[in-house]
Amino acid sequence: MKRKITLFIPLLVGVSIAIGILIGNMLKNNSHPTLAGMNFSRPNKITTILDLIDQGYVDSVNTSSIVEETIPEILKNLDPHTTYIPARNMQEVQEEMQGNFSGIGVQFSIQEDTVRVIEVISGGPSSKVGILPGDRIVRVNDSIIAGNDVANQTVLSLLRGEKNSKVDVGIIRKGYNEELDFEIIRGDIPIFSVDVSYMIDEQTGFMKISRFAETTYDEYMEGMEKLSDKGAKKVIIDLRQNTGGSLVSVLRMVDELLQKGEPILYTEGDHQPRKTYNASAKATWKDIKVYVLIDEFSASASEIFAGAMQDNDRGIVIGRRSFGKGLVQEQIPLMDGSALRLTVARFYTPSGRCIQSPYEDGNDEYYNNIYKRFHSMEQLVADSVHFADSLKYTTKGGRIVYGGGGIMPDFFVPADTAGNSDYFNKIYRKGLIYTYAYRYADQNRETLTQFTAADEFDTYLDDHNVLNDFVGYATQQGVKRDSDGLEESGFIIKTQLKAYIARNIIGEEGFYPIIKQIDKTLLRAIEISQQNLLVENLVDNPDSIPTETELQ
């Protein structure tokens, strides 16, 4: 179901360090002097060498190109999160943090060399002109985008553009023989941070937060209000695979859960005086019990959230040890429109923990640490993680927690390897579950659009034996039926099929309630919440807390 681990490693270079965009500006006001005000005009070897090359080298040389290639190499000698952002990438970085971009307002997928519209954002530019889910985009202005080797990035670059600019889109629609032409005026398209918020049972709400952008706080408050209005007394907040982002958003979100004066975090560096962030008097959701889900890809702002909940004994943290990104960057604009994100401080959880993973052996080793965790069985066995006594800290209520590389959860849930058969691996590598789900939704859209809730999809697809139909489809795609594999993986395959089909029709409100059935970490959190286990139980008598086996 989830994207492969290797896809997340590069993301942690760029996305998880995005916390520095806003925290740097806040810290800058307390620096003496600020980095932006320093004098960079004094000569040095690098500028001297570049001048000599520019003025005396035997051939004509583009020194600007040399500089662009050299800066990242220089920064490699610092830490993994000090980074250079070329001018050509600044717009994309800003869009990620601001939580919006300018485009036509569709979610698309490239299948069988065809750009297929999965979802049309309600009220967006495409919705206004009549683009529909299931449409095939074959042309953007004069560019044909149907056929071999059409690339996702190419399509994005064609569909996105300046706000209020026009784009001509050619559509092939089922039931029409000719290409339909639409002129669309690009507009602001939100990048949502809260994927879904829904009620698991009468008292328990669930919220999935995928990033921390400038808009995340507002989405979070809207989601919490929705759950509260439906009677939520407990909320499970899922930060798994959330690599971080805006500090301001996470501070405001935590502020709504803590009592006045309770610490959220503090920052400090050799050139940055200590700055402490405490909760104000808001505490809007102070009476709601909180359970936080994390994993090895939860980083930066996600770790601030989990650490604040854990150290203040405000919420129970469930899952696996987080990534361990505790460095603060200040973003410094450069003259050509590029920027430098320079690490200026470390952040510390309320108990004083610096959760930054070691990086002394270089950036490659730092990011390869994720693989080492898998090889050391950390994702499968909690006891494989060992901390030195020097990394021991205590929470507000006296519980022992550890620093030195990520947030260790209160309840460990191993990575789920059940149902992982050769048959499942073959269909997964070919992406057959996803392609079949789109194909089924597309062919049965008229019927499926009558459903508005996940349980309706669940029942309908069970009644129509979607798994058996998929097995026939997989056989046509070169993966033969495997009775043993289906015995081992059938429930997982069927659940994923139903979840993706529902997502293709009604979005995340259809996907998450169904996929919950095979999400062992979420199911564990639900068990804990139903046992009415509170942080007070952990503080008063940690030995009395039921083990995972006892809760089965």
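**View 1. Both faces of strand S11 are covered.** On one side sit Thr204, Phe206 and Lys208, on the other Gly205, Met207 and Ile209, and all of them are buried. Buried here means under 20% relative accessible area, with exposed being over 50% and partly exposed in between, using a 1.4 Å probe and protein chains only. That makes six of the six residues of S11 (residues 204-209) buried, so the strand is largely enclosed by the rest of the structure. Strands like this one are DSSP runs (E, at least two residues), helices are runs of H or I (at least four residues), and both are numbered from the N terminus.

A quick note before the other views. This is a predicted model: local features need pLDDT of at least 70, side-chain atom pairs count only at pLDDT 80 or more, and totals for chains, interfaces and linings use all residues. Residues are numbered from 1 along each chain as its sequence is written, and side-chain values use heavy atoms, leaving out hydrogens and water.

View 2. Strands of a sheet pair through backbone hydrogen bonds, either parallel or antiparallel. Two strands count as paired if DSSP finds at least two bridges between them. S10 (residues 194-199) pairs with S11 in the antiparallel sense over five bridges, and a hairpin of four residues joins S10 to S11. Look for Val196, which stands opposite Lys208 in S11. S12 (residues 234-238) runs parallel to S11, and five bridges join them. Here Phe206 has Ile236 in S12 as its bridge partner.

**View 3. Six strands line up in an open sheet.** Their order is S10-S11-S12-S15-S16-S21, and the pairing is mixed. The edge strands are S10 and S21 (411-412), each of which pairs on one side only. S21 pairs with S16 (residues 315-319) in the parallel sense over two bridges, and Ile318 stands opposite Phe411 in S21. Helix H8 (residues 216-229) packs on the sheet, touching S10, S11 and S12, and its direction makes about 165 degrees with that of S11.

**View 4. Helices H3 and H4 meet.** The axes of H3 (residues 45-56) and H4 (residues 63-75) come within 11 Å and cross at roughly 155 degrees. Axes are lines fitted to C-alpha atoms, for helices over the stretch in contact, and angles run from 0 to 180 degrees between N-to-C directions. H3 and H4 are therefore roughly antiparallel to each other; that label goes to angles over 145 degrees, while under 35 is roughly parallel, 65 to 115 roughly perpendicular and the rest oblique. Ile46, Leu50, Ile53 and Asp54 in H3 meet Thr63, Ile66, Val67 and Ile74 in H4, where contact means heavy atoms within 4.5 Å. By class, this contact of H3 with H4 has six nonpolar, one polar and one charged residues. Ala, Val, Leu, Ile, Met, Phe, Trp, Tyr, Cys and Pro count as nonpolar, Asp, Glu, Lys and Arg as charged, and the others, Gly among them, as polar.

**View 5. Helices H15 and H18 cross.** The axes of H15 (residues 454-463) and H18 (residues 508-515) come within 8 Å, crossing at roughly 65 degrees. Ala454, Phe457 and Asp458 in H15 meet Glu509, Gly510, Pro513 and Ile514 in H18. Those residues divide into four nonpolar, one polar and two charged.
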